[in-house]
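I opened this entry to look up two positions and their surroundings. Notes follow in the order I took them.

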Amino acid sequence: MKPGIHPDYHEINVVMTDGTEFKTNSCYGKAGDTLRLDVDPKSHPAWTGVQRMLDTGGQVAKFNKRFAGIGTRKKG
């Protein structure tokens, strides 16, 4: 390996959606940082088989606001 070209590889804490935590090695952040997951194997529909609407950034609300009038006719 060439020295000085690889990112720092260190231990971080990962917090799952249900609050459980584990430690792993990663290039994310700094040593000891915490990575909080929005979606993980315990909550993702691909693994659970249960569909649920996930709107973490307000994208669904933004879509509904933008296209709320589509399909309705104005009476004039």
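I began with Gly-32. Setting aside neighbours within four places in sequence, I find Gly-32 in contact (heavy atoms within 4.5 Å) with Glu-11 and Asn-13. I place Gly-32 in the loop between β2 (21-26) and β3 (34-36). Strands here are DSSP runs of E, at least two residues, and helices are runs of H or I, at least four residues, numbered from the N terminus. Gly-32 counts as partly exposed because its relative accessibility is 46%. My cut-offs are buried under 20% relative accessible area, exposed over 50%, and partly exposed in between, with a 1.4 Å probe and protein chains only.

The model is predicted; local features need pLDDT of at least 70, side-chain atom pairs pLDDT 80 or more, while totals for chains, interfaces and linings use all residues. Numbering runs from 1 along each chain as its sequence is written, and side-chain values use heavy atoms, without hydrogens and water.

Next I checked His-10. His-10 sits in strand β1 (residues 10-15). His-10 counts as buried because its relative accessibility is 7%. I see its side chain reach the backbone oxygen of Gly-29 at 3.2 Å. Beyond neighbours within four places in sequence, the contacts of His-10 include Thr-24, Cys-27, Tyr-28 and Ala-31.

Last, the whole chain. I read the pattern β-β-β-α-α along the sequence. Buried residues make up 12% of the 76 residues.

How values were computed
A polar contact is a pair of N or O atoms within 3.5 Å; within protein, one must be able to donate a hydrogen and the other to accept it, and residues adjacent in sequence count only if both atoms are side-chain atoms.
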